Protein chains: 2
Amino acid sequence: MPQMPQRVTIWEVGPRDGLQNEKTQVPVEVKERFVRRLVSAGLPVVEATSFVHPRWVPQLADAEELMTRLGDDGRGLPVLVPNERGLDRALELGLRHVAIFGSATETFAQRNLNRSVEEQFAMFEPVVRRARDAGLDVRAYVSMCFGDPWEGAVPVEQVVSVGRRLLDLGASQLSLGDTIGVGTANQVGALVDAFVAAGTGLGELALHFHDTYGQALANTLAGLQAGVTTYDASAGGLGGCPFAKSATGNLATEDLVWLLAGLGIEHGVDLDALVETSVWMAEQLGRPSPSAVVRALASSQS
Amino acid sequence: MPQMPQRVTIWEVGPRDGLQNEKTQVPVEVKERFVRRLVSAGLPVVEATSFVHPRWVPQLADAEELMTRLGDDGRGLPVLVPNERGLDRALELGLRHVAIFGSATETFAQRNLNRSVEEQFAMFEPVVRRARDAGLDVRAYVSMCFGDPWEGAVPVEQVVSVGRRLLDLGASQLSLGDTIGVGTANQVGALVDAFVAAGTGLGELALHFHDTYGQALANTLAGLQAGVTTYDASAGGLGGCPFAKSATGNLATEDLVWLLAGLGIEHGVDLDALVETSVWMAEQLGRPSPSAVVRALASSQS
């Protein structure tokens, strides 16, 4: 088996990508507790919320209040900013780490950003420039990297082109997203290799998998074999309901931790504390966690 | 990424390993239809039932009736025979393919077979000999190959020793089972390599994963990279209820097919026909399938 990294950074997206896809409106004090518990469990990066317009994501309408409550403890936590207005809000709060959300495909760019792939760069340019000028770190999500519900398979060159443009604007890291969960292992290796061939460092890449077709952990293994050291995951698999006809959730952080622990790869997370947090959060949402590890360990604990 | 096989054989265990772990008693005519639909969907091997005493597995008490209904179409389908009495029943029906079920660990041998690891060989010896003498093919399951709930991690040498003994008795293939789903990718590669180092051909090995900790497909990818060409799976993920606190189900055949298709590995299965079969079976059981692919595709079809 190929050499794999000795250490991996888990980028926890539960409070943002998870909760924005949950139907239940979670009170801000529960969100604050959730973020604090995730940090306490050893997660090195916890993306806290999104400064998107409440009309589009009412679940995160309390972004300012959450970050105000977190205070100094929240300054270093990344938040999503879709545009300059979002960045203004982050800057007013003194935050130091933001993320933008781009698209690798035309159809999703039109539907999600209301502009073309080319036009998205004009929108992101002042966001990244002003953030960097203010000393902030900027991550760039690239969505639909492995398949698009309208366009089907997405050419590797197209993803690399979009990603490189975002790095050239000043982003420090790309999060390559399989937004609809259709990708498989060889695609992961091919995409990472293509980015590296285009001059991208492995440290500039993160992988963001959804488990819609059950492939998230197999794709993670392929990413590890390709040398990528940052993986996005959502505590308890938040963002995908196991009772919905179509479960479109994020890779569960606990399932990722189980894989990493089994492979002997350092991750820094206290799995028991994380499972306890996810069980508690599932109670807040009134339904069991979709994470296999949470279900197995919560059952064995009781 | 390492070279992977061009073609894989899926060993469908839904009617046996799946249904024996479902609480719902499925009528024999539904089982017959299930087996026939799985064969029609292109699955090259469908393990039909188990000739175990009905006291232990009442779900499969109708084994004779099922195989009688299947008639000539069922002669080549493997059935589990726990002992000589089970073999006698299979021989009376003219079946041509049986499987035995051994244990790699002492505790599970005592609990499941009521004898020691060493004593199991004495029990299996006449079963395999008589089956081979009658011209039958014999598969040997080896359970608890990656971890045991009472003994923890299972030494590779112990698994290889048990597996080699079963091959030496006359079994043509070993199915190495992660019965409690705790294994991770590197263990898979290490176990396969150890069997090969002990003189076992890759064609004599199959891998049988459970998704209890979400690792089944990542482990499958590791198995493919190690060169194994036969994988057990259960249509629709039968055998693990997504609503139970502890989901201990088999790898879903549909999720395996999605991986193989994405990797460009031939499998011969009609995924649409398989998903339709699993949706129908889930209706018989009165609850949704735990397979991610079934949920995603059934949702997109409706």
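Predicted model: local features only at pLDDT ≥ 70, side-chain atom pairs only at ≥ 80, totals over all residues.
Ala218(B) has a relative accessible area of 1% and is buried, because the cut-off for buried is under 20%.

Apart from neighbours within four places in sequence, Ala218(B) is in contact with Leu217(A), Ala218(A), Leu221(A), Leu259(A) and Ala185(B). Glu118(B) is 100 residues from Ala218(B) in sequence, and the C-alpha atoms of the two are 32 Å apart in space.

## Aromatic pairs

Over all chains, the structure holds 8 aromatic pairs. One of them joins Phe101(A) and Tyr141(A), with 5.7 Å from centre to centre and 40° between the planes. Phe101(A) is in strand 5 (residues 97-103) of chain A and Tyr141(A) is in strand 6 (residues 137-143) of chain A, so the pair ties together parts 40 residues apart in sequence. Tyr141(A) is buried, at 2% relative accessible area.

Phe146(A) and Phe209(A) form another tilted pair, with 6.1 Å between the ring centres and 50° between the planes. Phe146(A) lies in the loop between strand 6 and helix 7 (156-169) of chain A, while Phe209(A) lies in strand 8 (residues 205-209) of chain A. The two residues are 63 residues apart, and their pair links distant parts of the chain. Phe146(A) is buried, with a relative accessible area of 4%. Phe209(A) also counts as buried, with a relative accessibility of 2%.

## Charges over rings

In chain A, the charged end of Arg139(A) sits over the ring of Trp11(A), at 3.5 Å from the ring centre. In chain B, the ring of Tyr141(B) has the charged end of Arg16(B) over it, 5.0 Å from the ring centre.

## Met144 in chains A and B

Most residues other than glycine have a negative phi. Met144(A) is not a glycine, yet its phi is positive, at about 60°. Met144(A) is found in the loop between strand 6 and helix 7 of chain A. Its relative accessible area is 2%, and Met144(A) is buried.

Met144(B) likewise has a positive phi of about 60° without being a glycine. The residue is placed in the loop of chain B between strand 6 (137-143) and helix 7 (156-169). Met144(B) is buried too, with 2% relative accessible area.

Conventions:
Residues numbered from 1 in each chain as written. Chains lettered and ligands numbered in written order. Heavy atoms only, no water. Phe/Tyr/Trp six-rings, centres within 6.5 Å; stacked < 30°, edge-to-face > 60°. Helix = DSSP H or I, 4+ residues; strand = E, 2+ residues; numbered from the N terminus. Buried < 20%, exposed > 50% of the residue type's maximum accessible area, 1.4 Å probe, protein only. Lys NZ or Arg CZ within 6 Å of the ring centre and 35° of its normal. Contact = heavy atoms within 4.5 Å.
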